[in-house]
Amino acid sequence: MADPDRFSLAEVLESFKKCLSDEGEILQEHYLEGWKGLVKFMSSLGSAFSFISNDAVTKIQILEDYRSGVNGQKYLTIQSMVKYEVDNELVDLTKRGDHWDSGCRTLLRLHRALRWLQLFLEKLRVASDNSKTSVLCTEAYQDVLAKYHPWIIRKAATVAFYMLPSRANFFEVMNMGPTEKVVAILGEALPVVAKTYDITEDLYSQHGLLDLP
Ligand code: 1PZ
């Protein structure tokens, strides 16, 4: 039985499953719930990761504030947010200005990190028991996320990755039971995360929002 007070990756993956509606809309409530779970997980990894979780928390909060604000209805799904912000010129498209903290640019940062997560978890899933989590994490980071970060962040992130526990301990912190079960849950859930990523990527691409400053 999973202990409800501990982080469980299964719950995070459940949130990412729930965030995808049958119509292909992405519900922000569950998307952000998934991110909150990941932040909880990162805090259990120690203070070396707090600069990463602090940034994620700030971004989640910006989006939560829109959701609970006067125009909250417009932020129900990622699709409705994009339409609302683009139609009303609430997005800085080329350089940071009055709308430096738009929902669209804030979510884009989480969206890019979701690609890292997908890649990292896939690497973990297929890795052997003695493979180094830090190496898998660094590879996934270099492949998809590092290009968006300045040198100083890349450096700090790479140093933090060295602190990651072994694959077996990592699965233990994930609180999902024996390794075979973790591998099975990942195999089932990762395609859903991939679908959420792809839908967001297409949406941003259609609106020319993939390089928001
Ligand atoms: C399991 C170990 C955790 C590894 C996390 C891998 C991601 C490394 C990201 C390093 C981010 C460092 C902090 C600040 C970054 C910000 O500059 C950028 C861009 O935002 P801007 O400056 O433009 O406002 N922020 C991001 O890229 C979002 C990062 C969110 C990271 C969430 C990680 C979730 C980890 C899940 C753990 C399983």
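Select Ile-153 to begin: this residue belongs to helix α7 (helices are DSSP runs of H or I with at least four residues, numbered from the N terminus). Ile-153 is partly exposed because its relative accessibility is 32%; buried denotes under 20% relative accessible area, exposed over 50%, and partly exposed the range in between, with a 1.4 Å probe and protein chains only.

The model is predicted, so local features need pLDDT of at least 70 and side-chain atom pairs count only at pLDDT 80 or more, whereas totals for chains, interfaces and linings use all residues. Residues are numbered from 1 along each chain as its sequence is written, and side-chain values use heavy atoms, with hydrogens and water left out.

**The nonpolar patch**

Accessible areas follow the Shrake-Rupley method with a 1.4 Å probe, and for residues only the protein chains shown count as cover. Helix α7, residues 151–161, supplies the most to this patch, with 3 residues.

**The ligand site**

Next, select the ligand. It is surrounded by 21 residues, of which the closest are Asp-55, Lys-59, Arg-105, Arg-109 and His-149; a residue qualifies if one of its heavy atoms lies within 4 Å. Display the polar contacts (pairs of N or O atoms within 3.5 Å; within protein, one must be able to donate a hydrogen and the other to accept it, and residues adjacent in sequence count only if both atoms are side-chain atoms). A ligand nitrogen lies 2.7 Å from a side-chain N or O atom of Asp-55. Ligand oxygen atoms lie 2.9 Å from such an atom of Lys-59 and 2.9 Å from one of Arg-105. The ligand taken alone exposes 830 Å², of which the protein buries 89%.

**Salt bridges**

Now select Glu-64 and Lys-36, whose side chains form a salt bridge at 2.6 Å, N to O (a side-chain nitrogen of Lys or Arg within 4 Å of a carboxyl oxygen of Asp or Glu). This pair links distant parts of the chain, with Glu-64 in helix α3 (residues 50–68) and Lys-36 in helix α2 (residues 28–43), 28 residues apart. Glu-64 is buried because its relative accessibility is 16%.

Finally, select Lys-83 and Asp-87, a salt bridge with its closest N and O atoms 2.6 Å apart. These two residues are separated by about one helical turn because they stand 4 residues apart in helix α4 (residues 78–87).
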